[in-house]
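Please look through the structure below with the following note at hand. The points are meant to be read in order.

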Amino acid sequence: MLILILLGFMPFLSFSQKRVKIKGTIKHNQTKLPLFGVNLIITENGIGTSTDSAGYYEMTIPTGSYLLEISHQSYFKKYQKIDVRRDMVMDYVLDEKVNELEEVRISANSSEQNVKRLGTGMTTLSSRTLKKLPSLLGEIDIIKSLYTLPGVTSVGEGASGFNVRGGNIDQNLILLDEAPIFNSSHLMGFFSVFNPDAFRDFNFYRGGIPAQFGGRISSVLNVNLKDANATKLSINGGVGTISSRLLIETPIIKDKMSMYVAGRISYIDQLMQVIKIKRLAGSKANFYDLTAKLEYRPTTKDRISISAFQGKDQFKLAKDSISAIDDNGDALYDWRTTNATASWSHYYGPKFSTRLVGVYSNYDADIINSDSLTAFKLNYNIVYKSIKGIATYNLNPKNEIDFGFQFNRYDIQPGLMEPTLPSSNKNLIRLNPESGIETAIFVNDKIEISKKVNLGVGLRYVSYQALGASTVYNYEAGKPISFLNIVDSVAYDRGKVVKSYGSFEPRLSLNFNISASSSLKFSANRMKQFIQLLSGTTAALPTDRWKLSDTYIKPQMADQFSMGYFKNFKEKSSEASVEVFYKKLYDVVEYKDGETLLLNKFPETAILQGDGYAYGAEFFVKKNLGTFTGWLSYTYSQTRIKVAGPTEEETINNGKYFPPIFNRPHSFNAIGSYQVSRKVSFSSNLNFSSGRAITYPASKFYTSGAVLPYYNSRNQSQIPNYLRLDLAMNIESHPYRTSGYRGSWNVSLYNVMARKNAYSVFFRSKNPYNQFYSKVDIYKLSVLGTIIPSVTYNFKF
């Protein structure tokens, strides 16, 4: 209610008109690409700001004549005399330094923004930053870089997705130029789908999420593709031991229309043929992806862009043990992503601008078994279509409002299995498709209450409808929801509304500037989620099905509160922060013991929903400037879920709280980069985390000639702790060149200590037929248990 009152009265608040706003963009003098993290300071009064990911800056100052200082550690400083009597647009270009030892800035953000920016739990990193970090198999990876940040973990090495502040992997909204990514990994999690040459930067929100984002309850990863060079042709890429990349960008109409195409391909299959490993005979692993962007600037006030992404993977382990369909034959996992985004931005003047975005996304996955007796193809598909409009209105120099709408449609084929050979004993199984529409309107208001206090209020209203054609089954009252207890059903025609949900999602951010170098921040937000990933394995498989909310599966919801203290040291060369958070969870998804999710015609009979909570503290220390840069992060967090259904079958852990499988109480990261000379730099990454939660058997019993384990509680134990050290060296062949041919070598050692970190732990009886003397052995599964070297040559001209 407080937020609604504030939103209602904000347009009528009056502010002093003696202050005006200046804004504009800062670009590279030669490439004309926007520069991120450029500092702008009025030397007379110390008022300042820095550019965002689009090279855009904006600040409010009193009228008068000033000296404007424009600086960035990698560019020559510029001073500009300005006379400001009204709102003005001022664009500038900077020249890159080529004859000085580079001072690496780890964050693409200005360190000043660490203190002044609204909201908690927000990180921005650029592609330039990630190139300084050690990499797995020579690839710069956005998802792997997230693991080095506080509050972010993974269930294990080689696992898809990431977990944020007590959330599951499906609770993260991952966007590539506004298009959602439903599977962010190549090769079962060893690579991400983001080409390091094609993206410019990313914004990662794990707290203080703006109202224009919705649909997930844990975090938002917003990846922005780079802008195409509008002045000259350029080519860059890299050749590595596992994969190679190539990007070509060119102007079509100079300074008006430009485009680029970036491609990446792996050749692991060819390497396995050369390096013959008996236990991998018959295995298969390869991927490729293509990223393209076209930009057109018909006027100085308009910008039109079209971007597209396509990726394809194939992965097979001979006699694959992780196939949930059949134990016979080899299972080939084949998954594909196709995305397209079209956007139009229009600048009406200093006070008003708009952006309209249309999105298409198609994720398609198969399991293919070629065994003659059980040959089949299982297909899963999700299609997403969206249109989004957002407008920015500067009510006055101290009050900026963003508002807009979003319409999303989901169409899911949850499972289609077909026999592929006449000799196959498999039958045709086709699950009923699912459809849903999600409509939202939102508003954000940023208000400078005083020089020390800034307030951000937001509100999002979302409406969701599950649509037919579908059949809703009714179950006998007082009994568990089970296919054995179906009493009747109701059929809905195509397009008919089956179930509706609606919700207000308030957002609040407050920044109190204690001094010029320190601040205290608070954020609160409510998020709802109408689509969830159903996975019966520790790590998600490409064919795990997404499930829309319906009559029985309620939308998940989270209320998160976070508070942090932020401090800069030694003229912004270093910074530190500590954040605490508490998250209340509602209707999160869990599963009945022993239930099958894949090809289940009655998914509501396998799914349970419960409430829970997560809390934690995140500590972060970072050195931004100098020849040695890096950061330390430590997170303590706990998550607990409680499922207490109306019957014993629908209750987990006797109705008591238990940790989910991704719960890791402790996580520590140390990232360092040392610039020895202009040519040579070294970097390292040390990662430690507690073992994830797991269910160990409490005892064993003998029945029907076999020894079986007995489990009395869920996820009450932990697998062994995780520890890994990576090292890398980067050599610039032509460090003083800003044009012409430039090359660099990257040499990386992943898992230098060759630790066999546990991915999972399982139990096996050596003699299952001996009732009294059967010994149970404990086994540890390690995905990567050795040093993995890689060499990559990168080039640009």
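1. Basis of the note. This is a predicted model, in which local features need pLDDT of at least 70 and side-chain atom pairs count only at pLDDT 80 or more, while totals for chains, interfaces and linings use all residues. Residues are numbered from 1 along each chain as its sequence is written, and side-chain values use heavy atoms, with hydrogens and water left out.

2. The four-stranded sheet. Strands β3, β2, β5 and β6 form an open sheet in that order, with antiparallel pairing. Strands here are DSSP runs of E with at least two residues, numbered from the N terminus, and two strands pair if DSSP finds at least two bridges between them. The edges are β3 (48-50) and β6 (75-84), each of which pairs on one side only. On average, neighbouring strands of this sheet are turned by 20 degrees against each other, direction ignored; the axes are lines fitted to C-alpha atoms, and angles run from 0 to 180 degrees between N-to-C directions.

3. Four bridges link strand β2 (residues 39-42) to strand β5 (residues 64-72) in the antiparallel sense. Leu40 has Ile70 of β5 opposite.

4. The five-stranded sheet. A second open sheet has the order β9-β16-β17-β12-β13 and mixed pairing. Its edge strands are β9 (122-126) and β13, each pairing on one side only. As background, strands of a sheet pair through backbone hydrogen bonds, either parallel or antiparallel.

5. Both neighbours of β12. With strand β17 (residues 219-225), β12 pairs in the parallel sense over five bridges, and Asn172 stands opposite Ser219 there. In β13, Ala179 is the bridge partner of Leu176, and Pro180 is that of Leu175. The hairpin of β12 and β13 has two residues between the strands, and Asp177 takes a positive phi near 50 degrees in this hairpin.

6. Burial of β12. Why is strand β12 described as largely enclosed by the rest of the structure? Five of the five residues of β12 (residues 172-176) are buried, so the strand is largely enclosed. Buried means under 20% relative accessible area, with exposed over 50% and partly exposed in between (1.4 Å probe, protein chains only). Asn172, Ile174 and Leu176 point one way from β12, whereas Leu173 and Leu175 point the other way. In general, side chains in a regular strand alternate between the two faces of the sheet.

7. Asn172. This residue of β12 has a relative accessible area of 5% and is therefore buried. Its side chain reaches the backbone oxygen of Ile169 at 3.3 Å. Leaving out residues up to four places away in sequence, Asn172 touches Phe162, Val164, Arg216, Ser218 and Ser219, where contact means heavy atoms within 4.5 Å.

8. Ser258. The side chain of Ser258 reaches the backbone oxygen of Ala228 at 3.5 Å. Beyond four places in sequence, the residues that Ser258 touches include Ala228, Thr250, Lys293 and Arg297.

Methods:
A polar contact is a pair of N or O atoms within 3.5 Å; within protein, one must be able to donate a hydrogen and the other to accept it, and residues adjacent in sequence count only if both atoms are side-chain atoms.
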